[in-house]
Each structure stands twice: as structure tokens, then as C-alpha cells.
Amino acid sequence: MFPFHIVFDSEMIIRHVGSGLFAVKPDIIGYDITHIFNLLKPLIDFTWDQLIIHVNNAFELRTIDRVLRKGSEVASGENHDALGDSSGAKGDDSDSDDSNDAQSGVLLHLKGQMKPMSNWNCFCFLGTLVMTDLSVLFKAGLYLNDLSMHDSSRDLLLAGTQQSAELKLALDQEQQKSQILEDSMMRLDQERHRAAELLYQMIPRQIADQLRNGVPAEDTWQVFAAVSILFSDMYQFVNICERLTPLEVVSLLNAMYVSFDSRTEEHNVYKVE
């Protein structure tokens, strides 16, 4: 009924385990439970006396060593001698979580209730497997049939996996839309920059900036006491074009305008085209 239950006596020695736990860790019977599992919650010492005091709390256990799939060799450092060695009683949980999971298996995370069995002087941990997705089952060598038939673990796992896939698809679609919007905004900025450059070529920059900021045209008028205006034209331009090829005419005009523009910028003169 409880495939991940654990029965241990007052000496903290494991006497019996559920079928699901036995399938992946069959060699833990007869060993100290504190050498096999870390107590995550509640934050108390993993001792018999403390368990009696906090019997009404929810408990979470996690294996110290990673569990490999069926048929895989046991991870380095996990053997019968290590199980009996008290030096492996407590480990660094954070380091274990960050280690490789592909070849070193997965840490089993169990959550449940501690039920005292007074007649046998034992505790029975009625636990269920805590899973984020189906990969936990796969890495541990477990199957849906190993989960309890009498709760919603199977349904929740399958529903969670389906919902996760749907959420991932929705997230991918939103990311695509975000990328399209970002590209559109970039193109819009480029067009705005081109429009501004074109506007600056038609009217003075300070006047153009005022108009773009919503200032009425009549408020941009400026009065100068004296101004100098130069009207220029290329002398005998028609005759020159008759002696040059079209490409040479374009090159000549380009060189002339570049030189003229550099002079106007040097003397802070505005050119009206």
C-alpha cells in the first residue's frame, strides 16, 4: 500500500522497506537509517527521542547517496562497508544536489509522516516520492507501477508532465513573439533615425528637434538682426557634363558636395538644399 515506507526500531535500524524503495535500494535493511537518509524537515536531530517529540510534524527524507538505475553499477563510495561506516552519516546536501546526475543517478526525496508502532517499539515512515518530472523516475530505475495506487501520485505526475509541456510550448511561442517584437522595434528605431537625418537636412537641427517634441511651428520662429546668405551654382555645369561620362559627373558632384559640407560645418553655417 505504501511502496516507499520505512520501518525502523529504537536503535534507528531499518527493519523493513516498501516495494518501491526495495526495488532501488534492496541492501539497506539492517543498517542505520541515519547512514542512508538525511533528515531535511523538520530541522531537528535525526534521533529516536526527537522523532517522538515531533511525531505530529511532516517529515522529509533524502538519500545520502545517489540511486542508480537498475542494472547500473553503484556509485563510487556507496557499498556495504560505506553503509556501515558512521563517517557517512551526514553529508553536504547542497554539494550533492549540484553533482552530476546523468552517470551518478538521482537522490530520492521522500515526504510523509512518522507513525509510532508502540507494540513493536518501531517507527513507520509513510512516505511518498517527491518528483519534479518523469526524469526522476527514469534515473532511479522506477516506473509508474512503483508508485502508490491509493493516492493521486500517478495522476499528478502525468498531469504535471503534460502541463509542463504545454507551458513550455506557450513559453516558446511567447519568446518567439518577443523576438519578433524586438526586431520590429529595432527596425522602427532605424527608420526613426533615418527620418531624423532627412529632417535635419531640410531644416536646422534645433528647429527640427522642437517640432519633433510637439512645439508649434510659430513658436520656433527666430529673429536675427543681420544675416548673410550665399547662393551658389556650378559655373558652366552643362558644358562640363558634355565632356564627362555619367560616372565622372557623379564623382565630381560628390567630391564637390563633400568639400562644401565640410566647410559649412567648420564655420557653423547652415546649408539649405
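**Note on the cysteines, core, pocket and backbone**

1. Cys241 counts as partly exposed, with a relative accessibility of 26% (buried is under 20% relative accessible area, exposed over 50% and partly exposed in between, for a 1.4 Å probe and protein chains only). This is a predicted model, in which local features need pLDDT of at least 70 and side-chain atom pairs count only at pLDDT 80 or more, whereas totals for chains, interfaces and linings use all residues. Residues are numbered from 1 along each chain as its sequence is written, and side-chain values use heavy atoms, with hydrogens and water left out.

2. A search of the whole structure for disulfides (pairs of cysteine sulfur atoms within 2.5 Å) returns 0. Cys122 is accordingly in no disulfide, and the nearest cysteine sulfur, that of Cys124, lies 9.2 Å away. Cys122 is itself buried, at a relative accessible area of 8%.

3. The largest pocket holds about 1400 Å³ of space (a pocket is an open set of points on a 1 Å grid over the protein atoms alone, where a 1.4 Å probe fits, with protein on both sides within 12 Å along at least five of seven lines; lining residues have an atom within 4 Å of a point). Of its 32 lining residues, Thr264, Val269, Tyr270, Lys271 and Val272 are the closest to the centre. Helices H6 (153-202), H7 (205-212) and H9 (246-266) give two or more residues to the lining, and H9 provides the largest share, 7 residues.

4. Several backbone values deserve a check. The peptide bond from Lys41 to Pro42 is cis, with omega near -5°, and Pro42 is placed in the loop between E3 and H2. Met12, in the loop between E1 and E2, is not a glycine but has a positive phi of about 70°, and Met12 is buried at 7% relative accessible area. Asn268, in the segment after H9, also has a positive phi, near 55°, but counts as exposed at 73% relative accessibility.

Conventions:
Grid points are joined across faces, edges and corners, and a volume is the space filled by probe spheres set on the points. Helices (H or I, at least four residues) and strands (E, at least two) are DSSP runs, numbered from the N terminus.
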